[in-house]
Amino acid sequence: MPCRKVAPKKIPETDAIFERLQQVNAQADADETILRLSLDAKASVWVGEYSRRGQARVIVKAADHDFQPTAKLTPFGIFLPQYSRLYLYFTDSKLTSDFMVDCLEDCWRQLRQAFPQVKTLVLNLDNGPENHSRRTQFMNRLTAFVDHFHVTVDLAYYPPYHSKYNPIERVWGVLEKHWNGSLLDSCQTVLRCAQTMTFRGRPPLVHWLSKVYHTGVRLTQHQMAQLEPRFERLPGLAKWFVRIAPVHA
């Protein structure tokens with residue numbers, strides 16, 4: 001008897017989430033005081049003499065057996081859909097809330113001089129374990145980011161099984177195709193290869209974060225309860241749309 005494919009479970013709010021996402025994104029793209037950023041991480045890349053089944057102009061000999069990778073690098077991308085600007089960050093440490101917000105901080109330091117009129121950042125994300133709106137350390141770090149840079153952050157999440165619609169997801173397919181014919185045998189090779197890709201006709205800005213990140217960092221229930229009043233959650237879709245505004249002295 002042939003196997004039947006089981007469709008992913010659709011949460012009841014999916015249609016409402018997409019409708020709201022379209023509204024939020026359209027408003028952001030039409031308002032010069034709002035800048036939309038698309039964020040996500042890619043699966044870790046094993047560094048070593050692995051065959052990636054790609055094509056190259058020169059013969060590249062890979063190992064003929066499995067072995068332990070010399071390192072595992074995790075790419076994290078921040079993409080500006082309206083401006084086709086792409087920032088790629090790499091770490092050989094853990095993928096954590098702290099790493100993600102460190103990337104956002106570095107990116108905004110580079111961008112804010114080019115966008116002095118921007119007062120609000122709209123972040124398109126998937127609802128991953130390290131960056132969902134109930135992840136205490138992620139929300140804690142974002143609140144600190146908002147207060148430090150005096151900019152409002154609007155979180156706009158894609159529902160489960162639909163993160164492929166997040167614009168940054170298109171980057172990963174291009175990057176994978178770009179380096180599949182290369183022998184990624186060192187961290188430096190991975191970074192150089194990422195620097196030579198193009199997306200929408202432009203190369204990315206590639207950064208390496210050497211900091212060691214630890215998992216399990218979280219706030220206590222009491223600390224989170226004190227922080228929660230800072231979050232303006234959309235009624236009915238509180239998990240998916242959250243605004244964090246700076247505290248004005």
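Helix α5, residues 187-196, has Cys187, Thr189, Val190, Leu191, Cys193 and Ala194 buried (buried is under 20% relative accessible area, exposed over 50% and partly exposed in between, with a 1.4 Å probe on protein chains only). Helices (H or I, at least four residues) and strands (E, at least two) are DSSP runs numbered from the N terminus. The model is a predicted one, in which local features need pLDDT of at least 70 and side-chain atom pairs pLDDT 80 or more, while totals for chains, interfaces and linings use all residues. Residues are numbered from 1 along each chain as its sequence is written, and side-chain values use heavy atoms, without hydrogens or water.

What lies over the buried residues of α5? The cover includes the strands β2 (45-47), β3 (71-80), β4 (85-91) and β7 (205-208), together with helix α4 (169-179).

Helix α4 can be followed in detail. The axes of α4 and α5 come within 10 Å and cross at roughly 115 degrees (axes are lines fitted to C-alpha atoms, for helices over the stretch in contact, and angles run from 0 to 180 degrees between N-to-C directions). From α4, Leu175, His178 and Trp179 meet Val190, Cys193, Ala194 and Thr196 of α5 (contact means heavy atoms within 4.5 Å). The residues of this contact divide into five nonpolar, two polar and no charged (Asp, Glu, Lys and Arg count as charged; Ala, Val, Leu, Ile, Met, Phe, Trp, Tyr, Cys and Pro as nonpolar; the others, Gly among them, as polar).

The axes of α2 (residues 97-111) and α3 come within 9 Å and cross at roughly 20 degrees. That angle makes α2 roughly parallel to α3 (under 35 degrees is roughly parallel, over 145 roughly antiparallel, 65 to 115 roughly perpendicular and the rest oblique). On the α2 side, Ser97, Asp98, Val101, Asp102, Leu104, Glu105, Trp108 and Arg109 take part, and on the α3 side Gln137, Phe138, Arg141, Leu142, Phe145 and Phe149. The residues of the contact of α2 with α3 comprise seven nonpolar, two polar and five charged.

Phe138 also touches Asn131, as do Met100, Leu125, Asp126 and Tyr157, leaving aside residues up to four places away in sequence. Asn131 sits in the loop between β5 (120-126) and α3 (136-149) and is buried, because its relative accessible area is 6%.

His150 is exposed, at 58% relative accessibility, and has a positive phi of about 55 degrees although it is not a glycine. Tyr161, in the loop between β6 and α4, also has a positive phi, near 70 degrees, without being a glycine. The relative accessible area of Tyr161 is 57%, so this residue is exposed.

Back to the whole chain. The secondary structure comes to six helices and nine strands, and 49% of the 249 residues count as buried. Of the contacts between residues at least 6 apart in sequence, 75% join residues at least 24 apart.
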